[in-house]
Amino acid sequence: MNIVLMGPPGAGKGTQAEVMARNLFVPHISTGDIFRANIKAGTELGRLANQYISKGDLVPDEVTMAMIKDRLAEEDCAKGFILDGLPRTIGQADALAEILAEQGKKLDFVVNIDVPIEKLIERLSGRRVCRNCSQTYHMVNNPPVEAGVCDECGGELYQRADDSEETIKNRLDVYLAQSAPLIEYYQDKGVLFSINGDQAINKVLTDVGRGLGQNW
Ligand code: AP5
Ligand code: MG
Ligand code: ZN
């Protein structure tokens, strides 16, 4: 199953994609995670991407699409994938369609996680992420058993650099201007369904599953 997971910053894309990927036996491909791994490793791509990510702006389409083209060509994507955080512009959506067509594939579903903008700031400012395994927590909504420590691997939890209030505001503006138009784009193609993301994490997962025809 080839799936795109869309939604504003903090909608819960990463949280849902982790579980969906385990249930569907397909890779969870988060463009944000790939960029952050490159920043951490000090690669050329990481240095370039960080200039945009640190401000909450989008990394240029050519850079992002070259990266994702390579990733989608890897063997683990043969049986499907969950794309989290791409496409974010109409240009990326068109380029993605071309890449998939070259590989003889198409998107089966685009899942849009809908959360009111005013709820997102609270979600993002309370988020903590494991430095080691990237598992995501929320200090109030989804806290780890022991404060500051990952339940999964015992790693240290940290706050993402772009989860500062000023950068969050820009990310939301960028989403509304550049990514929100994709909802209509995919609606017109007949592949999109929307989920109410303003509910408990498990309830969102159930609703996503229903849309995908999965009873998990
Ligand atoms: P990326 O890492 O994708 O960030 P984002 O889109 O801003 O989304 P987030 O990861 O912040 O949110 P999420 O929806 O995954 O929510 P989460 O599950 O963590 O991208 C970062 C940057 O990389 C971009 O700004 C851009 O610069 C660059 N980039 C990435 N892709 C790009 C592209 N295609 N083109 C160009 N540039 C690109 O949940 C958030 C919090 O809420 C957590 O604390 C979680 O525990 C909590 N939570 C989750 N679900 C619920 C719920 N149902 N109820 C209550 N709390 C919940
Ligand atoms: Mg994410
Ligand atoms: Zn961990």
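## A tour from helix H2 to the zinc site

Select helix H2 (31–41). Its buried residues are covered by elements including strand S2 (28–30), helix H3 (44–53), helix H4 (61–72) and strand S3 (81–84). Helices (H or I, at least four residues) and strands (E, at least two) are DSSP runs, numbered from the N terminus. Contact means heavy atoms within 4.5 Å.

This is a predicted model, where local features need pLDDT of at least 70, side-chain atom pairs count only at pLDDT 80 or more, and totals for chains, interfaces and linings use all residues. Residues are numbered from 1 along each chain as written, chains are lettered from A and ligands numbered from 1 in written order, and side-chain values use heavy atoms, leaving out hydrogens and water.

Stay on H2. Colour Thr31, Gly32, Phe35 and Asn38: these are its buried residues (under 20% relative accessible area; exposed is over 50%, partly exposed in between; 1.4 Å probe, protein chains only). Just after H2, Gly42 has a positive phi of about 70°.

Next, pick Gln16 in helix H1 (13–24). Gln16 is buried, at 4% relative accessibility. Leaving aside residues up to four places away in sequence, Gln16 touches Leu5, Ile113, Ile201, Val204 and Leu205.

Finish at the zinc ion (ligand 3). Its protein donors are the SG atoms of Cys130, Cys133, Cys150 and Cys153, 2.3 to 2.4 Å away (donors: N, O and S atoms within 2.8 Å of the metal, 3.2 Å for Na, K and Ca). Their sequence spacing is C-x2-C-x16-C-x2-C. Cys130 is buried at 1%; Cys153 is partly exposed at 35%.
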